[in-house]
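Here is a short tour for someone meeting this model for the first time. Keep the sequence and the 3D view side by side while you read.

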2 protein chains.
Amino acid sequence: MAERVVDLQRCGYKLIQDSDSHCFGGDAVLLSSFAKVKKNESALDLGCGTGVIPILLCAKTEGKSFTGLEIQEKLAETARRNVELNGLTGRVNIITGDIKDINNIFGAGSFDVVTANPPYIRVNDGPAGVSDMRSVATREILIDLRGVISGAARVLKNGGRFYMVHRPERLVEIVNLLTEFKLEMKTLRFVQAAADKKPSAALIAATHRGKARLNVMPPLVICAGPGVYTREAEDIYNG
Amino acid sequence: MAERVVDLQRCGYKLIQDSDSHCFGGDAVLLSSFAKVKKNESALDLGCGTGVIPILLCAKTEGKSFTGLEIQEKLAETARRNVELNGLTGRVNIITGDIKDINNIFGAGSFDVVTANPPYIRVNDGPAGVSDMRSVATREILIDLRGVISGAARVLKNGGRFYMVHRPERLVEIVNLLTEFKLEMKTLRFVQAAADKKPSAALIAATHRGKARLNVMPPLVICAGPGVYTREAEDIYNG
């Protein structure tokens, strides 16, 4: 399996990536910047892949413990090596397991924060018959949106926070599922490549059993011009 | 009652406004630009106030008939005078009535398009005890979001389109109610005073019993700089 080491460009953290399977995308970096983990809080990342979100959250927050749950053993192994590579053993814990079994893996109300950068694509919307490691990460082959949101709700404390990045075109389904599982959407921020472009991603924060009050932020615009980051994107990617 | 005549700045259309009660806001103009009424279609505006939305839709589309439903008789009278003032008698019809009685006023599936610029403010969120004409238009005193959305669903044809402008912070409630009444949100566009400001309004299009697929548009930005409209806002307000 081909591998390469990628500089996370944050405090010197680095990540091993399997070149021919799952590489972390910009969305994971955006989500780890959008998510807030406060002092002494515990955070779980659902479907952590090579571990980029727990590692970045550990790097940039004062949270106490960071857990990544990953169903694909090969990715979970890579994530564990990434934790070692970055000297975070003991602070970031990678567990191999299925979100559908979350009740048997963690107790109810175990976490202050849950994050997820789940597969975006409905199985029926993608090419048929593909189920390699990368497909499992990008398409709803092993878990769908309902599974991710219901799983988050089960392990979040009352008042705990769920942060997710997903596709804007699935916002209706996201809102309906959050409501069904008592997660109140509190912040919505679209990500746009440029100020006049349609959003490519939606950053969502929801509070378990929270009060209704949505804060829609101005969009996060990535490019100020051709090849030029906005100051905000510069801070997120290179900060 | 003090009155003034306001230039709608569109094809020479004008509107009588009661200075001390309900004046049409910019949101009504934005909604009438966002809403699409096709050739020979019939459109209903729920809570039409002084008639700005049906009059503008009549002015700028090829729709066949335009109806405004307004519960406050004084406003409905002003709306009728506005229809006359603009020479639209016979094409725009103003009916005095309550959205809650919509089943007794119109048959099910009577309209291709329903528009609404409803009261934004929950009764409990505003100052207590106020119920003048302006308050009824801006606060949910006589009708709430559920009443507006359920009313729209009742009179829309299968595949008919609902266009609404509302506050971004109520988006979760809006999505949940649209889903409950089989209105599928198809387009979402936030309105921002400037590119880096939080949105002040949400423009929403939903299709009755439509397929799930949301198109989130880039935000409609009103000001390019202090006192300067963006080209798009210029087109909407003065086009």
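Predicted model: local features only at pLDDT ≥ 70, side-chain atom pairs only at ≥ 80, totals over all residues.

Helices and strands here are DSSP runs, numbered from the N terminus; a strand needs at least two residues.

## B:Gln192 and its surroundings

Is B:Gln192 buried or exposed? Its relative accessible area is 1%, and buried means under 20%, so B:Gln192 is buried. A polar atom of its side chain sits 3.1 Å from the backbone oxygen of B:Ala194. Residues up to four places away in sequence are left out of the next list. B:Gln192 touches A:Pro218 and A:Pro219 from chain A. From chain B it touches B:Lys197, B:Lys198, B:Pro199, B:Pro219, B:Leu220, B:Val221 and B:Ile222.

## Where the two chains meet

How many residues of chain A are in contact with chain B? There are 24, and they meet 24 residues of chain B. The area buried between the chains is about 2,000 Å². Carbon and sulfur atoms give 64% of that area. Three residues stand out on the chain A side: A:Glu169, A:Val172 and A:Val216. They supply 26% of the area that chain A buries against chain B, more than any other three residues.

## Nonpolar cores

The largest nonpolar core has 68 residues. Six of them touch the most other members: A:Leu46, A:Phe162, A:Leu188, B:Leu46, B:Phe162 and B:Leu188.

Take B:Leu46 as an example. Leaving aside residues up to four places away in sequence, B:Leu46 touches B:Leu69, B:Ile99, B:Ile102, B:Val114, B:Thr115, B:Ala116, B:Asn117, B:Val148 and B:Ala152.

Over all chains, the structure holds 7 aromatic pairs. One of them joins B:Phe106 and B:Phe111, with ring centres 5.0 Å apart. Their planes stand at 85 degrees, so the pair is edge-to-face. B:Phe106 counts as buried at 11% relative accessibility. B:Phe111 is buried as well, at 6%.

## Covered helices and strands

The table sets three of them side by side.

| Element | Residues | Buried |
|---|---|---|
| Helix 6 of chain A | 145–155 | 9 of the 11 residues |
| Strand 6 of chain A | 111–116 | 6 of its 6 residues |
| Helix 2 of chain B | 52–60 | 8 of its 9 residues |

Why is helix 6 of chain A called largely enclosed? With 9 of its 11 residues buried, it is largely enclosed by the rest of the structure. Among the buried ones are A:Leu145, A:Gly147, A:Val148, A:Ile149 and A:Val155. In helix 2 of chain B, the buried residues include B:Pro54, B:Leu56, B:Leu57 and B:Cys58.

Strand 6 of chain A has partners. It pairs in the parallel sense with strand 3 of chain A (residues 42–46), over 4 bridges. Here A:Asp45 stands opposite A:Thr115. Strand 6 also runs parallel to strand 7 of chain A (residues 156–166), joined by 5 bridges. On this side A:Thr115 stands opposite A:Tyr163.

## Loops with positive phi

Most residues other than glycine have a negative phi. Two residues go the other way. A:Lys182 is not a glycine, yet its phi is positive, about 60 degrees. A:Lys182 lies in the loop between helix 7 and strand 8 of chain A. It is partly exposed, with a relative accessible area of 48%. In chain B, the phi of B:Asn40 is also positive, near 70 degrees. B:Asn40 lies in the loop between helix 1 and strand 3 of chain B.

B:Asp27 lies in helix 1 of chain B. At 22% relative accessibility, B:Asp27 counts as partly exposed. Which residues does B:Asp27 contact, beyond its neighbours within four places in sequence? They are B:Asn117, B:Tyr120, B:Val165 and B:Ala201. With B:Tyr120 there is a polar contact, side chain to side chain, at 2.8 Å. B:Ala201 is 174 residues away from B:Asp27 along the chain, but their C-alpha atoms are separated by 7.7 Å.

Methods
Residues numbered from 1 in each chain as written. Chains lettered and ligands numbered in written order. Heavy atoms only, no water. Phe/Tyr/Trp six-rings, centres within 6.5 Å; stacked < 30°, edge-to-face > 60°. Buried < 20%, exposed > 50% of the residue type's maximum accessible area, 1.4 Å probe, protein only. Core = buried A, V, L, I, M, F, W, Y, C linked by side-chain atoms within 4.5 Å. Contact = heavy atoms within 4.5 Å. Pairing = 2+ DSSP bridges. Polar contact = N/O pair within 3.5 Å; in protein donor to acceptor, adjacent residues only side chain to side chain. Buried area = accessible area lost by both parts, 1.4 Å probe.
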